[in-house]
Amino acid sequence: MTDTELAVPRPRRTTGGTAFWIGVAFLVLLAAAVVFPALFTRIDPNAADLLSTLRPPSAAHWLGTDQNGRDIFARIVYGARPSLVIGLGATVLALAGGIVLGTAAAQLGRAGDQVISRVLDVLLSVPGLLLVFLVVAVLGIGSANATIGLALVGLPGFARVVRAEVIRVRGAHYVEAALGLGWRRFTVIVRHLVPNAVGPIFALATVGLGSMIVASSSLSFVGLGPQPPTAEWGAMLSGSRDYLVLAWWPAVFPGLAITLAVLAFTVAGQHLQRRIDRRSR
Amino acid sequence: MAGVLTVPAPRDRRAGRLARLLGTRIAASVVVLWAAVTAVFFLLRLMPGNTVDVLLARSQVSPQVRAQVIAAYRLDGSVGTQYLAYLGRVLTGDLGESYVLREPVATAIGQQLPDSLALLAATMVITVVASVVLAILGASRRPWVRSSFTAVESLASSVPPFWLGLLLLTVFSFTLHWFPAIGSGGLPGLVLPSIALAASAVAVVTRVLREGLLHALEEPFVVTARARGTGELAVRFRHVLRHALLPVTTILGWMAGSLIGGAVIVEIVFSRAGIGRLTLSAVQNRDMPVVTGVVLLAAVIFVVVNILVDVLNWIVDPRTRG
């Protein structure tokens, strides 16, 4: 620690430094489960065993079995991919769309800004899940269409932030310098404006991933996401609903997986946001 | 409650400013809603297949009904006539007919709406009461209070409402038998669904309110109030709360949207009657008149709530009165 740092009141250490690293560790585990689920369990997630349905957690079945006798731990591990891929995909699509529309709104002059901003207002005027319902009703039930719907929900927020950031950075000297050097406007936008304007939305996107995962698991829960027998966390909970009187474990563990995943993304994202905030101050 | 140093504006001038604020906000909202109706109209036309078949959701109907649909939506006319006819119908509150349910969309929604509104109202009450109480109790700079509140808030805002609903059902309906497991069933049936729906909103509002209280507690007027011998709770309720409410009003709009969406899912978890079940089955059957009707209604509610939030801001914070 240098003297200059001691001269000003030392900023309180960000609470949740440990929480951040626990969150990151959990996200690494999740990523491993998404890519190599077989690393975690040898059990086939879709192997039904009608002789051992709804067995409580035991040494053979760590988290018990569901109404078809399938191993819940294996289904949670293999479920990581279908459960997270919709939220991730939707966030990537929303980011891409948000960057393009936000930059366009900032750079296309008054009329373009007005048109794009009103389109975003219309998207924002429909409560999130209902917008997804509309998209799924139009395009049909399935993971891909749920992803598109969720992307449309996330897009306006990103676009607005990018628009504001582009307006903020376009007065910077390096932009003037690049234009003065005779670079084409489009090149300047792609090489200078966008890279400097997108920083804040990545932290926003990480926090947003949490709500995307809640939303996508809600959609699977009501049957609008991946179709059975896909092991998806929301769909697993939906299956457990009819057996609540008999067994609590099929209703508990998949929900725990969703909650922990959401928590991990939220904690990590908020940590990133605080770091960006502090740097810009 | 005017500040000590500012002279309150005359009543009629303040009313004029409120009218102007309302006027611009309503005008902007009307434009957005008109654009939403237009988008829905073109969405229906862009769907694969004949627009008649889209509206009929592929249900079997007699040629007379088919002719009625064509006449009602002016489907034999040009796009312009069709659009004007659609706009005119929506403006008069006619959302069309569900050929799956065989009743007008407005009737179908009207039957389900009271149950959903009851759920939303109960959720709002829980959210406001719980957040204010929790925030006042938790507004402390003591590290352990602060970090435990932060931890619980993060956890509560990460729990999916439908899963919380399942857990509440398991514990309070199936194990303890305190509350009915299914159906609306009046007030007792409202308790668990509204808790499930309110939890994440309570977490978010408590956090914002708590941070606001902590900020406001450092203001000079708090020292003055304490010096007058005002008790700690009275300081918080009478002086600080109003200041801390300002950041809350700005997230209320966002909250309304997430609650409306969440209510749909929570209704399904608890097998409650309501817009949720109506919408879900409409999506599954691709009953477009019902889906678009619900979406437009939700947009209207959402936009109205946002205008009310602006007015609330105006009431809570004298500074926004310009």
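How many helices and strands make up the secondary structure of chain B? Chain B has 12 helices and 2 strands. Helices (H or I, at least four residues) and strands (E, at least two) are DSSP runs, numbered from the N terminus.

This is a predicted model: local features need pLDDT of at least 70, side-chain atom pairs count only at pLDDT 80 or more, and totals for chains, interfaces and linings use all residues. Residues are numbered from 1 along each chain as its sequence is written, while chains are lettered from A and ligands numbered from 1 in the order in which they are written.

Along the sequence, chain B reads α-α-α-α-β-β-α-α-α-α-α-α-α-α. Its C-alpha atoms fill a box of roughly 80 × 60 × 30 Å along the principal axes. Of its 322 residues, 36% are buried (20 or more other C-beta atoms within 10 Å of the residue's own, with C-beta atoms placed from the backbone).

Now the meeting of the chains. In all, 39 residues of chain B are in contact with 35 residues of chain A (C-beta atoms, placed from the backbone, within 7 Å). H12(B) gives the largest share of chain B's side, 8 residues. That side divides as follows.

| Class on the side of chain B | Count |
|---|---|
| Nonpolar (Ala, Val, Leu, Ile, Met, Phe, Trp, Tyr, Cys, Pro) | 29 residues |
| Polar (the others, Gly among them) | 9 residues |
| Charged (Asp, Glu, Lys, Arg) | 1 residue |

Just after H7(A), A:Gly182 takes a positive phi of about 90 degrees.

Methods: Contact = placed C-beta atoms within 7 Å. Buried ≥ 20, exposed ≤ 12 C-beta atoms within 10 Å, placed from the backbone.
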